[in-house]
Every structure is written in C-alpha cells, then in structure tokens.
Amino acid sequence: MKKGKGITVVLILLVLAVILGGNALYTTPENEYSVVKQFGKIVTTNDSAGLRVKAPFVQDVSYVPKAKQIYDLPASEVITSDKKTMIVDAYVLWNVTDAKAYTQTLNASSVTAQGRIDVIVYNAIKTTISSLTQEELIASRDSAVKLQITESTLEDVEINDMESTGEVDENGNAVEASEEQETEIILISDRLISWIGSQCDQYGIESTDVKIKVLDLPEENKEAVYTRMITERNNIAAAYKAQGESEAQIIRNTTDAEVKVMLSEAQAEADAIAAEGEAEYMRILSAAYNDEEKAEFYLFSLQLDTLRESVTNGNTTIFLDKDSPVASIFSGVE
C-alpha cells in the first residue's frame with residue numbers, strides 16, 4: 001500500500017512539474033517581439049529569438065510582429081501652392097521598433113497604429129504638397145525639382161531640402177543659402193519621410209517609406225483640362241498647317257516662275273530654229289530657180305497645184321485666161 005501511494009505521489013509531482021514547466025517556458029520567434037506582462041504591467045520585452053523563462057501563472061506572454069507592414073491610405077484631395085486641387089493616393093511602409101511603447105500606447109493593435117499613421121502621413125502630404133506648384137509636384141514624383149527660394153518661401157522649405165553652399169562663417173557654422181538662390185528639392189517621398197521624422201517614435205513604430213500611387217486631377221476638373229489640352233494641340237496643328245501651306249505656296253510660285261522662264265526660253269529657241277529653217281528654205285529655192293526658165297517652170301508648177309486644188313469636191317468647171325500656160329495644155333496651142 002505504501003509503495004502504491006509513493007508512486008501516485010511521484011506521478012502527481014511529475015504532472016505538476018510538466019504543467020509548471022510548460023507555463024514557465026516560452027519561445028521568442030525570429031520575426032516577432034515577445035512581451036511579458038504581470039497583472040497587466042509590462043515586465044520585459046525581447047527582440048532576439050530563443051527559449052526563455054517566466055513566472056508561471058502570474059505572467060503571460062504576447063507577441064508583436066517585427067516585419068514591415070503596409071498601410072494603404074484613402075485617396076484624398078490636397079491643394080498645391082498655385083491653388084490647384086490634386087487627388088493623392090499613397091501607401092506607407094511601417095514596422096514596430098519598440099514593442100513596449102507599441103503595446104503601452106496602441107495596445108499592440110495594428111488597426112490603432114494605422115489610424116495614427118493616417119493622421120501623421122496625411123498632414124505630411126498636405127504640408128509638403130502645399131509648398132509645391134502642380135508642375136513641381138508632378139516632376140518631383142520621379143526626379144528632383146528646382147525652386148527659386150525667396151523670403152516668402154523660405155519658411156515652407158525644410159532645412160533638409162536645401163543643398164549646402166559649402167561656405168562657413170568664422171565660427172565654422174554653415175552659411176544659409178541667400179535670397180533668390182536656386183535650391184534643389186529632393187524627391188517628394190523623401191520629403192514626406194523627412195517631415196514625418198520622429199513623430200511615430202512615441203508609438204514605438206517607424207514609417208520607413210511613403211509612396212504616391214496615384215497623382216491625378218479631380219473628376220470635375222479633368223474635362224476642362226482635357227478640353228484645354230485638345231485646344232492647345234489643335235492650335236499647334238493649325239500653326240504647323242499654316243506654316244506648311246505658306247511654304248507650299250512659296251514652292252508653287254517659284255516653280256511656276258521657273259516653268260514660265262523655261263517655256264519662254266524654249267519658245268524663243270524654237271522661233272530662232274524656225275527662222276533659220278525658213279531662211280535656209282528660201283536660200284535653197286533661190287538657188288534652184290536662179291534662171292528664167294527655172295522660174296517659169298516653178299510658176300507653172302504653182303499654177304498646176306492651184307488648178308488641182310480648185311477641182312476638188314466635185315467641182316469640174318474652171319475659168320482660165322486663154323493666154324495662161326495652163327490653158328495651152330487643154331487647147332493644144334503652144
């Protein structure tokens with residue numbers, strides 16, 4: 001009997017040891033923080049992976065993700081420095097940096113954290129975009145833009161946005177850029193991160209990147225902008241067309257003048273050739289009928305040609321002078 005009771009006691013002690021050990025031991029994963037609480041108060045946090053011990057039943061453990069998380073902000077309207085309304089749709093990459101602060105201020109809730117991030121990032125977007133014109137805003141999405149810094153705009157430009165002039169005063173302090181100096185504005189995403197700065201630190205979180213997905217005009221403004229763009233393109237097309245017509249008319253006028261000159265020269269050359277041919281023809285005739293007999297024969301030939309032409313079209317009646325050489329042919333009188 002005593003032996004059986006001893007075994008029972010040992011088994012009970014083993015079960016209790018297993019229960020206590022299981023409740024006293026916990027593991028911190030590689031991609032999470034572990035937060036140990038006692039009666040609702042944070043006792044310790046761990047950011048490195050491993051097996052650890054806590055007070056059993058008195059303390060409990062919760063876990064907070066280390067990995068980067070993405071929050072998609074709702075699209076919102078903002079106004080640029082030149083009073084143009086733009087629709088901005090952005091997202092934020094963030095992660096927990098301090099599990100204790102994250103748990104104490106936000107109750108380790110990602111939804112609550114996103115609410116805080118929404119307010120901070122929206123203010124950053126509104127403030128940053130209000131210091132840029134619409135053209136500068138669009139350009140700054142992909143490359144740095146230039147601004148002319150004056151007294152009225154110095155307050156709107158962050159000190160981190162300005163390039164150092166490389167000049168220092170006698171105390172070794174950097175000399176600020178002078179008025180009317182051209183300065184380079186960094187990418188808008190970098191400006192947003194710079195503006196946010198350490199505002200999220202109090203919540204134990206960090207915004208590592210802010211990217212603008214969509215930068216567009218409000219729907220009510222799109223039609224007017226598209227109409228203006230179409231009008232501008234039509235004006236450009238009309239200018240090109242008018243320029244082309246003008247150049248075409250100049251070419252036509254030049255060509256017509258050249259054609260007239262060429263025709264005039266060709267006609268003059270043709271007239272000169274015809275005159276030379278006529279002169280040569282007269283010279284040949286003159287040489288052929290140089291004596292009286294040849295002249296009489298030539299005249300006789302002309303009379304025969306004239307007679308042949310007069311008896312055409314059924315006309316068989318002719319009137320000749322009796323002394324005509326042709327009449328002598330018909331009468332047989334020489």
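**Figure 1. Val 53 lies in strand 4, which spans residues 50-53, and takes part in a nonpolar surface patch.** In this predicted model, Val 53 has a relative accessibility of 62% and therefore counts as exposed, the cut-off for that class being over 50%.

**Figure 2. Thr 28 is a buried residue of strand 1, which covers residues 25-28.** The relative accessibility of Thr 28 is 1%, and because buried means under 20%, this residue is placed in the buried class. The side chain of Thr 28 is joined to that of Ser 34 by a polar contact of 2.8 Å. When residues up to four places away in sequence are left aside, the residues that Thr 28 touches are Ser 34, Asn 46, Ser 48, Ala 49, Gly 50, Arg 52 and Tyr 63.

**Figure 3. The largest nonpolar core of the model contains 36 residues.** Within this core, the residues with the most contacts are Trp 94, Tyr 102, Val 121, Ile 125 and Ile 205. Two or more core residues are given by each of several elements, namely strand 2 (32-38), strand 8 (85-96), helix 2 (99-106), helix 3 (110-129), helix 6 (188-196) and strand 11 (205-216). Helix 3 supplies the largest share of the core, with 7 residues.

**Figure 4. Ile 205 is shown with the residues that it touches.** Not counting residues up to four places away in sequence, Ile 205 is in contact with Trp 94, Asn 95, Val 96 and Thr 97, and also with Tyr 102, Ala 113, Ile 117 and Cys 200.

**Figure 5. Asp 72, Asp 89 and Lys 213 are linked in a network of salt bridges.** Side chains of opposite charge can pair when their charged atoms come close. The side chains of Lys 213 and Asp 72 meet in a salt bridge with an N to O distance of 2.8 Å. Because Lys 213 belongs to strand 11 and Asp 72 to strand 6 (residues 69-72), this pair ties together parts of the chain that are 141 residues apart in sequence. A salt bridge also joins the side chains of Asp 89 and Lys 213, here at 3.8 Å from N to O, and this pair links strand 8, where Asp 89 lies, with strand 11, where Lys 213 lies, across 124 residues. Lys 213 is partly exposed, with a relative accessible area of 37%, and Asp 72 is likewise partly exposed, at 43%, whereas Asp 89 is buried, with a relative accessible area of 17%.

**Figure 6. Arg 233 and Glu 232 form a salt bridge.** The closest N and O atoms of this pair are 3.7 Å apart. Arg 233 has a relative accessible area of 48% and is partly exposed, and Glu 232, with a relative accessible area of 37%, is partly exposed as well. A search of the whole structure finds 5 salt bridges, among them the bridge between Arg 233 and Glu 232.

Notes
Residues are numbered from 1 along each chain as its sequence is written. This is a predicted model: local features need pLDDT of at least 70, side-chain atom pairs count only at pLDDT 80 or more; totals for chains, interfaces and linings use all residues. Side-chain values use heavy atoms; hydrogens and water are left out. A nonpolar core is a set of buried Ala, Val, Leu, Ile, Met, Phe, Trp, Tyr and Cys residues joined through side-chain atoms within 4.5 Å. Buried means under 20% relative accessible area, exposed over 50%, partly exposed in between (1.4 Å probe, protein chains only). Helices (H or I, at least four residues) and strands (E, at least two) are DSSP runs, numbered from the N terminus. Contact means heavy atoms within 4.5 Å. A polar contact is a pair of N or O atoms within 3.5 Å; within protein, one must be able to donate a hydrogen and the other to accept it, and residues adjacent in sequence count only if both atoms are side-chain atoms. Patches are made of residues with over 30% relative accessible area and no salt bridge: like charges are joined within 9 Å, nonpolar side chains (Val, Leu, Ile, Met, Phe, Trp, Tyr) within 5 Å. Accessible areas come from the Shrake-Rupley method with a 1.4 Å probe; for residues, only the protein chains shown count as cover. A salt bridge is a side-chain nitrogen of Lys or Arg within 4 Å of a carboxyl oxygen of Asp or Glu.
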